[in-house]
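Visitor: I'd like to see how the terms used for a structure follow from its numbers. Could you take me through them?

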Amino acid sequence: MSEILFQYHKVDPTTWVYLSSLLMIGLFFKFNRFWSVRNLDLVLLILLAPGLLMVNEALQTGGSDREVVEAVAPAAESSPSTQVLGLSSNRIMAYTGFLWLFAVSGVWLVRLLLDPTMVRRPLLEPNLTNGGLIFISVALFLFLMANVMTSKLSADDLTGAKGAQALLKGQDTTNEKNKPEDYRRHGPGYYLLYALPSIPTSPFFRPSIAQPDKVFEITAKIMAILSHLAVVAALVTIGYWHFDNMRMGIGAATLYLMLPYTAQMTGHVDHVLPGALLLWAVVLYRRPAMAGIFLGLAISVFYYPLFLLPLWISFYWQRGLARFLMGIGGAIAAMILSLVLVSKDLESFWLKFQPMFALWIPKTEGLGGIWDLGWDPWYRLPVIAGCGVLAGGLAIWPAHKNLGTLLSCSAAMMVGVQFWHGFGDGGGMYMAWFVPLLLMTVFRPNLEDRVALTVLGEGWFTKRRARLAQFDRAA
């Protein structure tokens, strides 16, 4: 970035937390309604930052346990206690950070589940005009994406881009060295997108010695930029089309770009892509087939949105269900077919298909995050069961499903997933899976009238059947 702006340096994550928190309060805090729910939501959003900082600081300072051991090994020869001290301090910081994230996420889960009961929703617009919000949003987006473009990547960050090239060329990426465990260690999801590029934008990152291919590096960075652009565009579109208030959409997009989480995880496509797909499913909710396609893509790529199916099926139950299910089925079928293009035989196909829908017993070994820092992995099993019960319960409650219910309960479900997600950085860190939906819940007006029976038109088959019935009566 210093190549563009003279003497510019990336902002330290802790400094960004202070600055962005003050700016968020100035733009969105309702000083004339101090005890409003909006102010509580804003405080809860800011409270996510300390846990995120602690986890990231532990990862950047010590990385994995193995990296910590290697880093302190020379000093440990003369002082054995140094190694233990260095290892435990990073683990304690990461553990505390995850506990903080879990606690705040738990409060958010309760808040989102109670949202359908909040019928009175006064108009609480941002404290700035549309022009000012657009200016800040564009400036933030340009700075964040410039950080992505100027970041240094290691060769390991480009696996996703290389996997995409293999798909386009129809190459089988399986070889004799691959084992079933190799396809499971990243968790459930689409095979070629397991290792989506995670572009480190921290000023303290030092890339590995191996230099990546320039074409793949550009591809990885473009993927990150387009994913965030999709989220911002969806937030503004929902405000304009479904809230009848573009200012609310622009405000939500500005707040998203302002969050410390967005600044620290800008290059992590595996964080932001599921949120983008889910948001566009909401944008197109009046077109059940299109909404089904985007939700089907989200399920195929990252598996966890599968728990949203009972809620969305319940929403479309009175009208649009067949079109919605056809959209989901078509998207999933297309993703499965793409695996055939990169599989040379049935065994190779099965190795890629199995992780797509987590066709295995829940893992208790090789997990990440808090499940690798002291929590017994067996405790994940009742949490997973509880998440399944919550998913089934949302199909029944609330009985009156509207767009507001779809937003808040979808966000709640994706928050619930965080408590047992045990891969990558582990639970609590993948906030982009629910934060965009959460922001639309915070900014939404009263949407009691936006139910499938009133906002959806009849499908082609229903219209045709009614027309044939008219002809029969006329005959």
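Guide: Gladly! Let's begin with a definition: axes are lines fitted to C-alpha atoms, for helices over the stretch in contact, and angles run from 0 to 180 degrees between N-to-C directions. In this predicted model, the axes of helix H5 (residues 130-150) and helix H8 (residues 246-258) cross at roughly 30 degrees and come within 9 Å.

Visitor: Which way does H5 pass H8, left-handed or right-handed?

Guide: The crossing of H5 with H8 is left-handed. On the H5 side the contact includes Leu133, Ser137 and Phe141, and on the H8 side Arg247, Ile250 and Thr254 are among its residues. By class, this contact has 9 nonpolar, 4 polar and 1 charged residues.

Visitor: Why are H11 and H13 called oblique to each other?

Guide: Helix H11 (residues 288-302) and helix H13 (residues 321-341) pack at about 40 degrees, with axes 7 Å apart. Angles under 35 degrees count as roughly parallel and those from 65 to 115 as roughly perpendicular, with the rest, apart from those over 145, being oblique. The pair is therefore oblique. H11 passes H13 in a right-handed crossing.

Visitor: What makes up the contact of H11 with H13?

Guide: H11 brings residues including Pro288, Gly292, Leu295 and Ile299, while Phe324, Gly327, Ile328 and Met335 are among those from H13. The classes are 13 nonpolar, 4 polar and 1 charged. Gly counts as polar in this scheme.

Visitor: What lines the largest cavity?

Guide: The lining consists of Leu45, Leu48, Ala49, Leu52, Leu259, Pro260, Tyr261, Met431 and Val435. H2 gives the most, with 4 residues, and both helix H2 (37-62) and helix H9 (260-264) supply at least two. The volume is about 60 Å³, and the structure holds 3 cavities of 30 Å³ or more.

Visitor: How many residues of that lining are nonpolar?

Guide: The lining has 9 nonpolar residues, with no polar and no charged ones. Tyr and Pro count as nonpolar here, and Tyr261 and Pro260 belong to the lining.

Visitor: What makes Asp244 worth a look, and what is its phi?

Guide: Most residues other than glycine have a negative phi, and most peptide bonds are trans. Asp244 has a phi near 55 degrees, a positive value in a residue other than glycine. Asp244 sits in the loop between helix H7 (214-241) and H8.

Visitor: Which peptide bond is cis, and where is its proline?

Guide: The bond from Trp397 to Pro398 is cis, with omega near -10 degrees. Pro398 is in the loop between helix H15 (380-396) and helix H16 (403-418).

Methods
Residues are numbered from 1 along each chain as its sequence is written. This is a predicted model: local features need pLDDT of at least 70, side-chain atom pairs count only at pLDDT 80 or more; totals for chains, interfaces and linings use all residues. Side-chain values use heavy atoms; hydrogens and water are left out. A crossing is left-handed if the near helix is turned anticlockwise from the far one by less than a right angle, and right-handed if clockwise. Contact means heavy atoms within 4.5 Å. On a 1 Å grid over the protein atoms alone, a cavity is a set of points where a 1.4 Å probe fits but cannot get out, and a pocket is an open set with protein on both sides within 12 Å along at least five of seven lines; lining residues have an atom within 4 Å of a point. Grid points are joined across faces, edges and corners, and a volume is the space filled by probe spheres set on the points.
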